[in-house]
Amino acid sequence: MSDAVKEPSMLLQKEMIAKNYEAITSKNETGRKVASTFVPGNLNELLMCFGIVNNLPEINAIQNGMRKLSGSYIMEAEKGGHSEDVCTYVKADIGMMGKGNIAPNGKPFPEPDVLLLSYTGCYTFMKWFELLREQYKCPTLMLHVPYEGDGHATKNMRDYIVRQLREVVIPGLEQVSGVKFDIDRLREALRLSAQAEEHLVWTLEQGKRKPSPIDAYFGGVYYIGPIFTAFRGTPEAIAYYEALRKEVQARIDAGQGPVTPDGGSFDDQKYRLVVEGPPNWTNFREFWKMFYDEGAVVVASSYTKVGGMYDLGFRHDPDHPLESLADYCLGCYTNRNLPTRIDILAKYVEEYEADGLLINSIKSCNSFSAGQLMIMKEVERKTGKPGAFIETDLVDPRYFSAANVKNRLESYFQMIEQKRRGAAKAA
Amino acid sequence: MTIDTTSKPTESMPTETMPATAEIVERCRSLYEDLDFSAARAWKAAVPGRKVVGFMPVYAPLELIHAAGCLPLGLFGGGDQMEVIHGDAYYQSYICRIPRSTVELGVTKRLDFVDGMIFPFVCDVIRNLSGMWKLMFPHVWSKFFDTPQNFDPEVGGRYYVEELKELRDGLGTLTGRKISDDDLKRSIALYNENRRLVREVYAFRARAPWKAPTSEIYLLMRAGLMMEVEEHNRLLVAYLAAAEAEDRPKRDNVRVAVYGSFCEQPPLNLIKSLEMAGCYVVEDDYALVNRFITEDVSTDGDPLEALATAYLKHSVETSCKYVPNEEDKGKYHVAQVRKARAEGVIYATPSFCDPALLDRPMICRRLGEAGIPHIAFKYAENSGQMQPIREQAGTFADSIKLWS
Ligand code: SF4
Ligand code: SF4
C-alpha cells in the first residue's frame, strides 16, 4: 500500500506525538519524570502540574499494532506464560518489554517513575499495572473510579475520587516529582482543556451533516488523539483543534466528505453508520477501506468517547478542579452501565440520522464486548434500524479475518438497502 | 448486647440419630443440582411477603440481605447439567460461561421468584451483566456492588460505608422494612458463626483430608449459599461431628491447594477427578463468599462500619482486589498453602477469565519463589472431558511424591 495521505492537522499531531516520545525517551538526560497511565481516566492536567511526562501504554500498543509489531510482542508475552485468552493490549505491552522495550522513535523506553493506575471503566487496567509494577518496582498510585452501575454518578462516588486525589494521587505525585502541588496551575490547564473540548465536540458533531465532512471512527481516532493522550490542557492541543476545525470547515464549505488515506475526498456516501467498539489496529487502513469502498461513512462512534463524553456536555471546570477530574473519570464511556450505553447509541442513530449500528466486537476487551449482542438488539428495537456485528481484535493480527469482515459488511449494506426499499414501498 | 449464636440441630436431624456424612452430602447435592431452586422457592412460599435476593461471586455482605428478612441465594451459573440454548445468543464465543448460563437461568424463568440481584465487583463481565439484568428483568431490583480498591478507612472505608448504606436502603425499599442496627448485628453474629464453622470445616479437612473429601466439602459450601444461614450452621456442625466419627481409608495422596476458581465454578466431576488423580485438596478458593472475610465482624458499634472494616482489614487476597504493595502480591496464597500444609498448587481458571488469568503469572511466580510446585490449567463450567485434567493432576501428584 502506498503511504497514507495526511492532512495538515494529522501532521501536526504526528509532530506532537513525536515530541512526547522524545520527552519520554530522553528522561534520563533531561531529568524529567515519566508516568505511565491510561486513556480513560487520564489525568494529564494533574501530571502537568508536576512536570511529569505522560506515557500511555495503550497508545504504545496501538502504535505497535499499526506498525505491525504487536503480533510478535503478543507471542513473546504468551511464551512468557500469558494466556491466549486475555487482553492483547496488556500482552503487546509486556511482550514489547521482553523485546527491548523500544519506543516508536527507535529509542528504548526508560523505566517509568510512577504508575498512575486510574482505574476507570475497565478492570484489566488494575491487573496490567500490577504486572508492570512487578517489573519496574516503582511507586503505583491507584485511583479507583466506581462504576456507574445504576446509570448515574453519586455524590459518594465523586467524594471518594476527590479524597483519593487529595490523599493518594497528589501526595504521591509530589513525592515522585519533588514539585509542590499548585491548584492554580491545575485550574489553568483545565481552562485550556475545556477550550480544546469545545473544538472536539464541534468536530464530532459535524457528522450530522450530509455528506458528513468527517469519519467519526477511522478519522475520529485522530480527532480524539490530543485530548485523549498527553496534550489535554496544553496550548498545543488547542492549536491542533483550530487547524482541524479549519479543515473540516473547508470540507463543509466545499460540500465534501472526509479525506481517506488514499487521498481522495469521500463524498459519495451511501451509508451512514454509528459504530460501537474500538477499531482493529493491525489492519487499520484495510479495515477503513472496506467501508469507504462500499460508500459507508461513520457518523458517530462510541470509541471516540472512551476518554471522555464531552458531547454529552461535560467540560473540565477550572472552578471545581478536583471535582471536575472526578466527574470526568466517572463519565467515560465504558464506565457507564449497559442501559446508558444503549441509550447513547440509540440517540446517536437518531440524531446523526444513521442507517444503523455496527458493532466491532473486540475479542480482547471484556469491558466493551460483554453485553454487546444485547446492545445491538436493544438499539435495533429502539430505533427500528438494522444492526450488524463483526468480530476482530485490537492488536492481535491472528484475529483479523479480512474476508469475514468484508462479507459481513457487504451483507449488512444489502440489509440496509432492503430496508430502504421496504420503507420506500410502504411510503 | 449479647447475641445467641448457639447452633442447634435441625428439626429434620434429631440428635439421637446423628446423620452420616453421606446423608448430609446427599442433601447438599440435591440442592446444588436443583436448577429450579425448589428449596428457595418453598422458603419464599412458606410465608407471604418473603423475598429472595440472588448474588453472584465473589462476595456480598449477606448479613444485610439476611437482616432484611430475605434469603440470600448464591448463583454460580448453570454448571454442567444445564444446556445453554438462549444464553449463547447473548455472548460471543470468547467470553466465559458463567454469564451466559446465568442469563439462561433467567430467560428460562428458573429465577422468576428472585426479587433482587446483587452483582458484586468481580470483573467487567459481571459488571456489564448487572446492566443487562436491569433490562431483561426490569421488575427485579438489580444492584451492581462496587467494593473499594482503596483500603484506607478514611478514604475507601468512608466510601464503602456509604455504599453499604445504599445497599441497606435498597433492600429496605425492596422489602418495605427498615433494617435496624440490631437486626444487622444479629445477622452479623450468625454469619460470624457461619464463617467460624466454615473455617473449622476447612481446618478439619486440612488435618484429615481423607475424612472430608473436597467433593463433599464443596457441596456443603455451595448448598450453604442456597439456604438460611441458621440451617447451614447446623449442617456444618452436623457434618463436622459425622466426619470426625466416621472411619475412612487414608490414601497416599498429595496435598494440594486450588486457586483461580473463585468465580465460574468447575464441574463437580473436575473436583472429583483431582481426587481420583491422587490429590487431596486441602485449601481452595472455590466460590469464596463464605471465606472472603477471614475474621469475625465486630458486633459492637456501628454495624456498617464493622462490615467495612472487615472488608478493608480482614478479607482474602483474590484477583478482583487490588494489592497495594507489590511485595504483598501472592503473599496470602503462600501463607495459606503453608497453613494448610499443601505440597503444591493447582491454578485452575475458567477459560477467558481475565482476572484469574492475568493474575496467574504473578501468583505462580510468588509460589515459585517460595519453592511451591504448581501447575495450571483452564476449565469451563460445562467441561466434560476429564481425562487430560486427570492425567495432568496425576503427573503433578507423582512428581511431588517423587521430589518432595
Ligand atoms: S480490556 Fe479493553 S478497555 Fe481494558 S485494557 Fe484491554 S482493551 Fe483496554
Ligand atoms: S469467570 Fe472470570 S471473566 Fe468470567 S465472569 Fe467470572 S471473573 Fe469474570
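Tutor: Ground rule before we start: a salt bridge is a side-chain nitrogen of Lys or Arg within 4 Å of a carboxyl oxygen of Asp or Glu.

Student: How many salt bridges are there between domain 1 of chain B and domain 2 of chain B?

Tutor: The count there is 0. One caution: this is a predicted model, where local features need pLDDT of at least 70, side-chain atom pairs count only at pLDDT 80 or more, and totals for chains, interfaces and linings use all residues. Residues are numbered from 1 along each chain as its sequence is written, chains are lettered from A and ligands numbered from 1 in the order in which they are written, and side-chain values use heavy atoms, with hydrogens and water left out.

Student: Where are the domains of chain B?

Tutor: Domain 1 is 34-179 and domain 2 is 252-300 + 321-404. Such bounds come from an automatic or database domain assignment. The C-alpha centres of these two domains of chain B are 26 Å apart. In contact (heavy atoms within 4.5 Å) are 22 residues from domain 1 of chain B and 20 residues from domain 2 of chain B.

Student: What area do domain 1 and domain 2 of chain B bury between them?

Tutor: About 1,800 Å², with 69% of it on carbon and sulfur atoms. Buried area is the accessible area (1.4 Å probe) that two parts lose on being put together, summed over both. On the domain 1 side of chain B, B:Val58, B:Tyr59 and B:Arg97 supply 29% of the area buried against domain 2 of chain B, more than any other three residues.

Student: And how many residue pairs in polar contact between domain 1 and domain 2 of chain B?

Tutor: 7 residue pairs, both residues at pLDDT 80 or more. A polar contact is a pair of N or O atoms within 3.5 Å; within protein, one must be able to donate a hydrogen and the other to accept it, and residues adjacent in sequence count only if both atoms are side-chain atoms.

Student: Back to B:Val58. Where is it found?

Tutor: In the loop between strand S1 (52-55) and helix H3 (62-67) of chain B. Helices (H or I, at least four residues) and strands (E, at least two) are DSSP runs, numbered from the N terminus. The peptide bond from B:Pro57 to B:Val58 is cis, with omega near 25°.

Student: Now chain A. What does its domain assignment give?

Tutor: Domain 1 (8-182) and domain 2 (186-426). Their C-alpha centres lie 23 Å apart. 60 residues of domain 1 of chain A touch 55 residues of domain 2 of chain A. The buried area between these domains of chain A is about 4,500 Å², and carbon and sulfur atoms give 62% of it.

Student: What is the count of salt bridges between domain 1 and domain 2 of chain A?

Tutor: 4. A:Glu78 also forms a salt bridge with A:Arg398, with the closest N and O atoms 2.9 Å apart. Polar contacts between the two domains of chain A come to 29 residue pairs, both at pLDDT 80 or more. Helix H1 (8-25) is among the elements of domain 1 of chain A that touch domain 2 of chain A. H1(A) gives the most to that side, with 9 residues.

Student: Why does ligand 1 lie between the domains of chain A?

Tutor: Because domain 1 (8-182) and domain 2 (186-426) of chain A both give residues to its shell. Surrounding residues, each with a heavy atom within 4 Å of the ligand, include A:Cys87, A:Cys122, A:Trp128 and A:Cys365. Helix H7 (residues 124-136) of chain A gives the most to the shell around ligand 1, with 3 residues.

Student: How do the shell residues around ligand 1 divide?

Tutor: 7 nonpolar, 2 polar and no charged. Ala, Val, Leu, Ile, Met, Phe, Trp, Tyr, Cys and Pro count as nonpolar, Asp, Glu, Lys and Arg as charged, and the others, Gly among them, as polar.

Student: And how do the residues around ligand 2 divide?

Tutor: 11 nonpolar, no polar and 1 charged. B:Glu264 is one of the residues surrounding ligand 2, and others include B:Cys96, B:Cys123, B:Cys263 and B:Cys353. The shell around ligand 2 takes at least three residues from each of domain 1 and domain 2 of chain B.

Student: Last topic. What area is buried between chain B and chain A?

Tutor: About 4,800 Å², of which carbon and sulfur atoms give 56%. On the chain B side, B:Tyr94, B:Tyr322 and B:Leu358 lose the most area to chain A, together 15% of what that side buries. 55 residues of chain B are in contact with 58 residues of chain A.

Student: How many salt bridges across the interface of chain B and chain A?

Tutor: 8. A:Glu130 forms a salt bridge with B:Lys329, the closest N and O atoms being 2.6 Å apart.
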